[in-house]
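Dear colleague,

I am handing over the structure we spoke about, and I would be grateful if you could look through it alongside the notes below. They begin with the surface and go on to the helices, the loops and the charged pairs.

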Amino acid sequence: MALCLFIMAASYFSAVSCANRLKACERAAMILMESSPLTLEKVRQIQEQETGQDIPESFTAWEQKNEISVENKDLQRSRTVSLIVICGRSDLLLRGTAWLDDTDRNGCLIDEKTAYELFGSTNISGQIVHIGEKAKVVRGILYDASDTILYEADDSSEIFTNLTVYMDKGMTYEDIRQDFMSRHGLTGKFVRQDILAWIANMACMKFELSADLTPTKWSDFDFWSEALEREKESFLLLMLTEKQKPVEIYMKDFYSAVGYGVLSFMTAIIIMRKIMRNIR
């Protein structure tokens, strides 16, 4: 019984810890633009148009390229990583000890493991790395991501297949779907990321829905069926598409939260059954 109680408590608090780390994605959505990728010029047009809005949307366009070689030529060290080319603020996509904006065309951020492999340290701000023919100045270290380097787009030929959009307080996912996407003529697939936090919280026995998933009347059964159908494709896209770095960091915590939550729940059932047997 003591062992079961320990496992239940440890699993539950681990699940809560993982679920809390998912708060960062509660107000984020992705628009997958694979069928109609955006050029750098188009992304900058969208940025300019948004600055004229009463409540401009914050977003970052990005593209991930895999199996890219990054070098420290001074020490003759190299490493293969995933390269994320962005247009927009880096902290809206991946957090780090520093962040880039679209005015910094010379800087980059790298993950901790890559920093150690190339330089033997993470205290490397100002050091130079080479990605192909490009030389970039390290501005800081990325949190959570592994085998990753990120920099701002500096080539007009770059194209972007992903937009990550962040909502200010009071805005909903429908604002992105109906306003932001239509305003800029975007035809990509919409993926809301807060559903990861919602399911993770359910695994911790915490039931809280976002405003656009809460009906004005609980007896409005049509609302539930329509909402379920509307978000089903979004959830399936999130689960089945290739897990790129900005999503991968959330998926790890999502699976851990659900796994620990299920273990805690199953252990609680075992404890209850033991208690009922003792009562009988």
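Patches are made of residues with over 30% relative accessible area and no salt bridge, where like charges are joined within 9 Å and nonpolar side chains (Val, Leu, Ile, Met, Phe, Trp, Tyr) within 5 Å. Accessible areas come from the Shrake-Rupley method with a 1.4 Å probe, and for residues only the protein chains shown count as cover. A salt bridge, in turn, is a side-chain nitrogen of Lys or Arg within 4 Å of a carboxyl oxygen of Asp or Glu.

Before the findings, please keep in mind that this is a predicted model, in which local features need pLDDT of at least 70 and side-chain atom pairs count only at pLDDT 80 or more, while totals for chains, interfaces and linings use all residues. Residues are numbered from 1 along each chain as its sequence is written, and side-chain values use heavy atoms, with hydrogens and water left out.

The overall picture

The protein chain has seven helices and eleven strands; helices (H or I, at least four residues) and strands (E, at least two) are DSSP runs, numbered from the N terminus. Taken along the principal axes, the C-alpha atoms of the protein chain fill a box of roughly 75 × 45 × 30 Å. Of the 280 residues in the protein chain, 44% are buried, where buried means under 20% relative accessible area, exposed over 50%, and partly exposed in between (1.4 Å probe, protein chains only).

The nonpolar patch and helix α7

On the surface, Met202, Met205, Phe207, Val262, Phe265, Met266 and Ile269 form a nonpolar patch, and together they have about 690 Å² of accessible area. Helix α7, which covers residues 245–279, gives the most to the nonpolar patch, with four residues. Isoleucine 269 has its place in helix α7, and it counts as partly exposed because its relative accessibility is 34%.

Helix α7 also packs with helix α1 (residues 2–21), at an angle of about 155° and with the axes 8 Å apart; axes are lines fitted to C-alpha atoms, for helices over the stretch in contact, and angles run from 0 to 180 degrees between N-to-C directions. That angle makes α1 roughly antiparallel to α7, given that angles under 35 degrees count as roughly parallel, over 145 as roughly antiparallel, 65 to 115 as roughly perpendicular and the rest as oblique.

Within helix α7, glutamate 248 and lysine 245 lie three residues apart, about one turn of the helix, and they form a salt bridge whose closest N and O atoms are 3.7 Å apart. Glutamate 248 is partly exposed at 22% relative accessibility, whereas lysine 245 is buried, with a relative accessible area of 10%.

Helix α5 and the residue after it

Helix α5 (residues 194–203) is mostly covered, since seven of its ten residues are buried, among them Asp194, Ile195 and Leu196. Methionine 205 follows α5 and has a positive phi, near 65°.

The loop between β7 and β8

Aspartate 144 lies in the loop between β7 (134–142) and β8 (148–152), and its phi is near 70°, a positive value in a residue other than glycine. Aspartate 147 is found in the loop between β7 and β8 as well, with a positive phi of about 50° although it is not a glycine. Aspartate 144 counts as exposed at 53% relative accessibility, while aspartate 147 counts as partly exposed at 23%.

Salt bridges across the chain

The count comes to twelve salt bridges. In one of them, the side chains of arginine 183 and glutamate 50 meet at 2.8 Å, N to O. This pair links distant parts of the chain, with arginine 183 in helix α4 and glutamate 50 in helix α2 (residues 40–51), 133 residues apart. Arginine 183 is partly exposed, with a relative accessible area of 32%, whereas glutamate 50 counts as buried at 2%.

Arginine 139 forms a salt bridge with aspartate 104, and their closest N and O atoms are 3.0 Å apart. Here too the pair links distant parts of the chain, with arginine 139 in strand β7 and aspartate 104 in the loop between β4 (77–87) and β5 (107–111), 35 residues apart. Arginine 139 is partly exposed, with a relative accessible area of 33%, and aspartate 104 is buried, with 16%.

With kind regards
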